[in-house]
Number of protein chains: 2
Amino acid sequence: MARIAVDAMGGDHAPDAVVAGAVDAFHRGHDVVLVGDPARIEPLLERSDADLPVVSALEVIEMADDPSRAIREKKNASITVAAQLVASGEAAGMVSAGSTGASMAASAFVIGRLPGVGRPAIASFFPNRKILLDSGANTACRPEHLVQFAVMGAALAATHHGFDLPRIGLLNIGEEEGKGRDLEKEAFRLIKALGGIRFVGNVEGRDLARDTADVFITDGFTGNVMLKTAEGASQLVLRLLERSLADIAPVSVADDVISALRTALNPETVGGAQLLGTRGVVVIAHGSASRVAVANAIGLAAGGAEQGLVDKVADGLLRAAAAVG
Amino acid sequence: MARIAVDAMGGDHAPDAVVAGAVDAFHRGHDVVLVGDPARIEPLLERSDADLPVVSALEVIEMADDPSRAIREKKNASITVAAQLVASGEAAGMVSAGSTGASMAASAFVIGRLPGVGRPAIASFFPNRKILLDSGANTACRPEHLVQFAVMGAALAATHHGFDLPRIGLLNIGEEEGKGRDLEKEAFRLIKALGGIRFVGNVEGRDLARDTADVFITDGFTGNVMLKTAEGASQLVLRLLERSLADIAPVSVADDVISALRTALNPETVGGAQLLGTRGVVVIAHGSASRVAVANAIGLAAGGAEQGLVDKVADGLLRAAAAVG
């Protein structure tokens, strides 16, 4: 079973929600080690019936800290120590609800990148299981980065969803080949020439609701806009729905409908995004992650570790390197 | 009253839906001239009780034609003739459901750009009245283009919504100044220095559902992704809603809820997007525009013409030119 190191001190509701989520994950059969201040973690554990191991880490990285500098200077911060456990092989993966920048820096400087990785990328999950990368790690990308995202995303969809050959789409502003910026034109050519993945060509934002692609590939700026727009549009529809329901349906039905929909759209069901391209499984949970989100994020990390996500990503990168030359 | 030239031959359902929509707009008090093949338009008019003027234009621009070339070579195409009516002042604006590329080319080569316009931009409306530009005219933009989009979008929100000082937001991947690519960093600095508009700084896709900005400014690639993602996410939520409703609500309630929501989200309520930066009002209706969409697109064009949209855009551009230097 894959051991997952959990940064108990990262996130808006840490350590309480993180420890509670870790205990839930433990009860689901996961092997979890908590990293942080034992004086704050152990009283929380004592109230539960789970005797999880705790690794002491007493420094804290603040949101205002520069992540790269903080990771290098604060060797005893909870996220740094969690990353050290992954780097040493004591853990197969880690989960943090601290700042995305700190998770990325800890991955880069402590765990390290897989051979040949140009840019590690953040892969996010939509409520209908579709995967988007990069959803925000790299604001500017070159075509060869998008090729790497294609193989890394294919590896994630294969391990996480069990798809044999996930369908990879290049996010663009039209379906025809030749659409988009120079970035998309060149990435299209390179991904098309790549073996071992199922490239379905250009896709658009509206393919989010279509059965055309399992993985959306784009640069981190566009991906971040896509992710947050989907969130904004969903909220907007929910708001319009609440108004319609108030006019049409009995209150009890309306409440049930809204609540079922919020559950279906709830990002906590997945629990976090995956950082791909590092030498270990890294799951970045939302800063506001609840107990439920943390438990699911640990499940996501454990699933990735047990299904050999890192090795599959490494294999894909080798293939991409051969194709890009 | 502002006369609007309508390309009767453009769109998937032309001329039938276009003529029917034009008749509806006429009955709402709009001054409409139809442009296209009289042999196909007049029988449709005869069946209605509206005696609209028809200007003959017998050539057709096919979807496969290169738009710029077709507009220059097919002087007697319906969209070219509609644009000529605007250029000569016989009409104050035009509406076409033909290809976006053809509308843009007709605007550029026949109507002409306002002084100093770097890039005309397509401004789209979200269901909650928020405006996005550029939503697809220019895949690559420089910071000074975004400054022009800011003043053009402010002019549109002022005329269309009657807002005194619409709130202008720069689409980005975080709220703090300094976020984004070089494009956003420099555009932020330039727009902030601009007088006469209310710049609220960086906004994100999730601000679509927040009361933070009335107008979203971005390049045409990112804007197109945002627009289509909002559409895709809305469809996805509708699909999840249908599933929840099937379990929870009586069929009649479920049908009413879905139908009310589809109405609230219906892009036909606005009818089209506005091309800004040209010397006349140009509304680009969706290729699949129905009678309802065409009628509303004509209302949108007439409203812009009557409220002095082109002059307000020109004023904004002068201000932007002074600020950018």
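**Exercise 1.** Determine whether A:D214 is buried or exposed, and identify the residue with which A:D214 forms a salt bridge.

Solution. Step 1: A:D214 has a relative accessible area of 11% and is therefore buried; buried means under 20% relative accessible area, exposed over 50%, and partly exposed in between (1.4 Å probe, protein chains only). Step 2: the partner is A:R167, with the closest N and O atoms 3.0 Å apart. A salt bridge here is a side-chain nitrogen of Lys or Arg within 4 Å of a carboxyl oxygen of Asp or Glu. Step 3: the two residues lie in distant parts of the chain, 47 residues apart, A:R167 in strand 7 (residues 167–171) of chain A and A:D214 in the loop between strand 8 (198–203) and strand 9 (215–217) of chain A. Helices (H or I, at least four residues) and strands (E, at least two) are DSSP runs, numbered from the N terminus. Step 4: A:R167 is buried as well, because its relative accessible area is 14%.

The model is predicted: local features need pLDDT of at least 70, side-chain atom pairs count only at pLDDT 80 or more, and totals for chains, interfaces and linings use all residues. Residues are numbered from 1 along each chain as its sequence is written, chains are lettered from A and ligands numbered from 1 in the order in which they are written, and side-chain values use heavy atoms, with hydrogens and water left out.

**Exercise 2.** State which side chain of opposite charge is nearest to A:K130, and describe the surroundings of A:K130.

Solution. Step 1: A:K130 sits in the loop between strand 5 (121–125) and strand 6 (131–133) of chain A. Step 2: A:K130 is buried but has no salt bridge, and the nearest side chain of opposite charge, A:D211, is 5.0 Å away. Step 3: a polar atom of the A:K130 side chain lies 2.7 Å from the backbone oxygen of A:R210. Step 4: beyond four places in sequence, the residues that A:K130 touches (heavy atoms within 4.5 Å) include A:D207, A:R210, A:D211 and A:D214.

**Exercise 3.** Identify the side chain with which the side chain of B:D7 makes a polar contact.

Solution. Step 1: B:D7 belongs to strand 1 (residues 3–7) of chain B. Step 2: B:D7 is buried without a salt bridge, and B:R40, the nearest side chain of opposite charge, is 10 Å away. Step 3: the polar contact is with the side chain of B:S78, at 2.6 Å. A polar contact is a pair of N or O atoms within 3.5 Å; within protein, one must be able to donate a hydrogen and the other to accept it, and residues adjacent in sequence count only if both atoms are side-chain atoms. Step 4: leaving aside neighbours within four places in sequence, B:D7 is also in contact with residues including B:V18, B:V35 and B:V95.

**Exercise 4.** Characterise the contact between chain B and chain A.

Solution. Step 1: the contact takes 43 residues from chain B and 43 residues from chain A. Step 2: the two chains bury about 4,100 Å² between them, 76% of it on carbon and sulfur atoms; buried area is the accessible area (1.4 Å probe) that two parts lose on being put together, summed over both. Step 3: there are 4 salt bridges between the chains, and one salt bridge joins A:E231 and B:R206 (3.1 Å, N to O). Step 4: 10 residue pairs are in polar contact between chain B and chain A (both at pLDDT 80 or more). Step 5: helix 8 of chain B supplies the largest share of the side of chain B that touches chain A, 21 residues.

How values were computed
Lys, Arg positive; Asp, Glu negative; His and termini not counted.
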